[in-house]
Amino acid sequence: MICPKCGAESDKSIKFCVHCGSPQLHSAETQAPEPETVERKPAGNHGLIGYSERINDPAFASYRRQTTAWSFIFAGILAVIVIVGFYIYGENSSEMDNPQALYIGLGIGGMFLSIALLSTISRMRVKGWDGVVIDKKKEKKTRRNKDSNGQYYEERYTLYTVVFKTDRGKIINKSVDDDDTVFNYFEIGDQVRQHKGLGTLEKYDKTGDSIIFCNACSTLNDINDDKCYRCSCPLLK
């Protein structure tokens with residue numbers, strides 16, 4: 001070790017120079033390295049900024065299959081009830097006989113199954129896109145409704161609309177009556193992504209949010225939750 005005051009050489013183990021008595025400084029070899037400050041980033045896509053890769057979780061594909069299955073099961077139950085009901089009506093009523101009543105029941109039952117099929121095709125054809133919120137609208141409106149007595153009356157409601165512009169320049173409006181939850185969730189300038197086959201929107205930057213929507217069933221969840229409490233699909237964060 002070289003003494004910084006007099007320049008004399010001495011052993012590394014001593015603390016004072018043997019020639020001038022000055023304190024010896026430890027060399028860089030013996031000094032402990034200063035601890036580095038490490039910025040910890042969220043592992044994987046579990047942060048609140050960016051589009052989450054959790055959308056590829058098998059739970060979403062399973063949810064779509066279950067939704068399709070339940071649509072046809074529900075439509076099938078309604079179809080059977082209608083067909084059986086019209087058949088019984090045809091057998092016991094003097095106003096309509098079978099097979100005419102049965103044919104009507106088959107027609108209505110087929111309509112229920114057709115609706116389930118069209119709904120499934122519609123969900124499958126939902127396209128994905130990236131876009132940005134360009135406007136928000138809050139409008140007071142009125143509409144005419146009919147009561148149980150057949151009388152018309154005016155109903156007042158508030159229409160909340162969020163306007164999106166996709167990456168291909170298409171303008172899309174998402175509107176809800178008398179519910180400002182989605183309206184307040186998005187701000188002008190937010191980047192969003194609509195997921196293919198689901199039609200639900202994911203916000204790119206979720207750092208300032210206290211809530212998060214499930215991208216499977218659209219149920220509202222707390223931002224700290226990991227899975228949707230309703231359908232158990234992972235929340236995209």
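Reader: In what sense do S1 and strand S4 pair, and over how many bridges?

Author: First, a caution: this is a predicted model. Here S1 and strand S4 (residues 191-194) run antiparallel, and 4 bridges link them. To find one of those spots, go to Trp 129, whose bridge partner in S4 is Gln 194.

Reader: What about S1 and S2: how many bridges do they have?

Author: That pair is antiparallel too, over 15 bridges. Arg 144, for instance, has Glu 154 in S2 as its bridge partner. The two strands form a hairpin with 5 residues between them, and Gly 150 takes a positive phi near 85° there.

Reader: How should I think about side chains on a strand?

Author: In a regular strand, they alternate between the two faces of the sheet.

Reader: Which residues make up the largest nonpolar core?

Author: There are 12, among them Trp 129, Tyr 160, Phe 164, Ile 172 and Phe 213. Strand S1 (129-146), strand S2 (152-166) and helix H3 (181-185) each supply at least two residues of this core, and S2 gives the most, with 3 residues. A second, separate core has 11 residues, including Phe 60, Ala 216, Cys 228 and Leu 235.

Reader: Which residues does Tyr 160 contact?

Author: Leaving aside neighbours within four places in sequence, Tyr 160 is in contact with several residues, including Lys 137, Lys 174, Asp 178 and Phe 183.

Reader: Now the helices. Why do residues a few places apart point the same way?

Author: An α-helix has 3.6 residues a turn, so residues three or four places apart point the same way. Now look at H2: its buried residues are Ala 101, Gly 105, Gly 109, Ala 116 and Thr 120. These buried residues pack against helix H1 (58-92).

Reader: What span should helix H2 have, and how far apart are its end C-alpha atoms?

Author: At 1.5 Å a residue, the 25 residues of helix H2 (residues 100-124) should span 36 Å, and the end C-alpha atoms are 36 Å apart, which agrees.

Technical notes: Residues numbered from 1 in each chain as written. Predicted model: local features only at pLDDT ≥ 70, side-chain atom pairs only at ≥ 80, totals over all residues. Heavy atoms only, no water. Expected span 1.5 Å × (residues − 1). Buried < 20%, exposed > 50% of the residue type's maximum accessible area, 1.4 Å probe, protein only. Contact = heavy atoms within 4.5 Å. Core = buried A, V, L, I, M, F, W, Y, C linked by side-chain atoms within 4.5 Å. Pairing = 2+ DSSP bridges.
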